[in-house]
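Me: I am new to this one and would like to go through it by question and answer. Please show it to me before we start.

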Amino acid sequence: MPKFPQFTCFLHHFLYLSGHKTTKLMIEKTRGIVLHQTRGATGHLIVTIFTEDCGAVAFVVKPSRAKTQRLHTNLLRPLSIVDLSFDLRVNQSLQRIEDLHVGMAYRSLPYHPVKETIALFLGEFLYYSLRNETRNQPLFAFLCNSLAWLDACDSGLANFHLTLLLRLTRFLGFWPSVDASAQGMFFDMQTCQYTEVRPPHGAYLTPEEAGLMPLMMRMNFPSMHLFRMSREQRNRFLDILEAYYQQRIPGFPPLRSLQVLRDLLN
């Protein structure tokens with residue numbers, strides 16, 4: 001059977017729902033960004049990878065002392081970019097990796113204290129943002145390019161995570177629509193609308209903060225070092241982004257790595 005990567009995952013679901021009885025399906029070969037890993041009760045490693053062709057997929061990796069297995073474990077650190085193949089079984093919640101290789105070798109990210117802490121935070125943030133995400137190749141390309149930028153950048157990193165999280169909203173479908181002309185008004189993050197009256201809940205921007213949003217929306221990786229912010233302003237902007245994601249993504253929790261990032265950048 002010829003393989004068409006853009007239709008493979010949909011074909012698997014169709015075969016399964018049509019009562020296809022074959023237990024072994026076509027091997028998927030794709031790239032992926034490791035989002036999260038945790039150790040199961042039996043010692044197995046549970047790894048979530050956002051793949052280019054199938055979206056977010058959860059894998060189980062058995063514990064082993066074999067050299068190959070240890071190599072796989074090292075490759076599966078959060079935000080690693082890998083090439084992998086696996087036998088996608090749509091009736092199973094956990095898949096098994098058949099083969100795994102480095103997809104993009106980082107030059108500095110794993111060894112630079114600031115970059116490593118930013119990566120720790122982004123890994124947790126992206127896991128909760130993308131764990132239910134389906135195939136989205138433009139989003140995958142954006143994340144790969146963003147991580148390559150982080151790895152190559154030598155200075156001016158204080159706003160990197162803010163820029164990435166703001167730009168990510170466009171790919172996830174909830175890019176905030178801010179109006180530069182709505183000066184002096186509150187911005188309700190639940191309704192994504194400006195209002196002259198303070199919202200009755202806590203998910204809103206003050207008129208001063210709402211007035212800065214059109215400027216912040218212009219921030220990108222080449223220009224992010226030009227946006228000077230105090231510690232308080234950067235922390236508040238991060239709080240705003242976290243609250244905004246929590247309003248848009250069900251089950252998005254408070255992030256444990258957030259305080260570590262604050263302490264480092266402060």
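Me: In which helix is Arg234 found, and is Arg234 buried or exposed?
Reply: This is a predicted model, and in it Arg234 is found in helix H7. The relative accessible area of Arg234 is 13%. Buried means under 20%, so Arg234 is buried.

Me: Leaving aside neighbours within four places in sequence, which residues is Arg234 in contact with?
Reply: Arg234 and Leu265 are 31 residues apart in sequence, with their C-alpha atoms 9.4 Å apart in space. As for contacts, with neighbours within four places in sequence left aside, those of Arg234 are Ala158, Asn159, His161, Leu162 and Met229.

Me: How are H7 and H8 oriented to each other, roughly parallel or roughly antiparallel?
Reply: Helix H7 covers residues 231–248 and helix H8 covers residues 258–265. Their axes are 12 Å apart, and the helices pack at an angle of about 160°. Angles over 145 degrees count as roughly antiparallel, so H7 and H8 are roughly antiparallel.

Me: Which residues of H7 and H8 meet, and which residues are they in H8?
Reply: H7 passes H8 in a right-handed crossing. From H7 come Asn235, Leu238, Asp239 and Glu242, and they meet Leu258, Leu261 and Arg262 in H8. By class, this contact of H7 with H8 has 3 nonpolar, 1 polar and 3 charged residues.

Me: Where is Thr117 found, and which residues is it in contact with beyond its neighbours within four places in sequence?
Reply: Thr117 is found in helix H3, residues 113–130. With a relative accessible area of 16%, Thr117 is buried. Leaving aside neighbours within four places in sequence, Thr117 is in contact with Val260, Leu261 and Leu264.

Me: How are H3 and H4 oriented to each other, roughly parallel or roughly antiparallel?
Reply: The axes of H3 and H4 are 11 Å apart. The angle at which H3 and H4 pack is about 170°. H3 and H4 are therefore roughly antiparallel.

Me: How many nonpolar, polar and charged residues does the contact of H3 with H4 have?
Reply: H3 contributes Lys115, Ile118, Leu126 and Leu130, while H4 contributes Leu139, Leu143, Leu150, Asp151 and Ala152. By class, the contact of H3 with H4 has 7 nonpolar, no polar and 2 charged residues.

Me: How do the residues of the contact of H4 with H5 divide by class?
Reply: The axes of H4 and helix H5 (residues 160–172) come within 10 Å and cross at roughly 170°, and H4 and H5 are therefore roughly antiparallel. On the H4 side the contact is made by Pro138, Leu139, Phe142, Leu143, Ser146, Trp149 and Leu150, and on the H5 side by Phe160, Leu164, Arg167, Leu168, Phe171 and Leu172. By class, the residues of the contact of H4 with H5 divide into 11 nonpolar, 1 polar and 1 charged.

Me: Are the rings of Trp149 and Phe221 stacked or edge-to-face?
Reply: A search of the whole structure finds 15 aromatic pairs. The ring centres of Trp149 and Phe221 are 6.1 Å apart, with 25° between the planes. Planes under 30 degrees apart count as stacked, so the pair of Trp149 and Phe221 is stacked.

Me: Where in the chain do Trp149 and Phe221 lie, and how many residues apart are they?
Reply: Trp149 is partly exposed, at a relative accessible area of 35%, while Phe221 counts as buried at 13%. Trp149 is in helix H4 (residues 137–152), and Phe221 is in the loop between helix H6 (207–216) and H7. The pair links distant parts of the chain, 72 residues apart.

Me: Are Phe187 and Tyr194 stacked or edge-to-face?
Reply: Both Phe187 and Tyr194 are buried. Their centre-to-centre distance is 5.1 Å, and the planes are at 65°. Phe187 and Tyr194 form an aromatic pair that is edge-to-face.

Me: Where is Phe59 placed, and which residues is Phe59 in contact with beyond its neighbours within four places in sequence?
Reply: Phe59 is in strand E3, residues 55–61, and counts as buried at 0% relative accessibility. Phe59 and Leu94 are 35 residues apart in sequence and 4.9 Å apart in space, C-alpha to C-alpha. With neighbours within four places in sequence left aside, the contacts of Phe59 are Leu45, Ile46, Val47, Ile49, Leu84, Phe86, Leu94, Gln95, Arg96 and Ile97.

How values were computed: Residues numbered from 1 in each chain as written. Predicted model: local features only at pLDDT ≥ 70, side-chain atom pairs only at ≥ 80, totals over all residues. Heavy atoms only, no water. Axes fitted to C-alpha atoms, helices over the stretch in contact; angles between N-to-C directions. Helix = DSSP H or I, 4+ residues; strand = E, 2+ residues; numbered from the N terminus. Parallel < 35°, antiparallel > 145°, perpendicular 65-115°, else oblique. Left-handed = near helix turned anticlockwise from the far one by under 90°. Contact = heavy atoms within 4.5 Å. Nonpolar A, V, L, I, M, F, W, Y, C, P; charged D, E, K, R; others polar. Phe/Tyr/Trp six-rings, centres within 6.5 Å; stacked < 30°, edge-to-face > 60°. Buried < 20%, exposed > 50% of the residue type's maximum accessible area, 1.4 Å probe, protein only.
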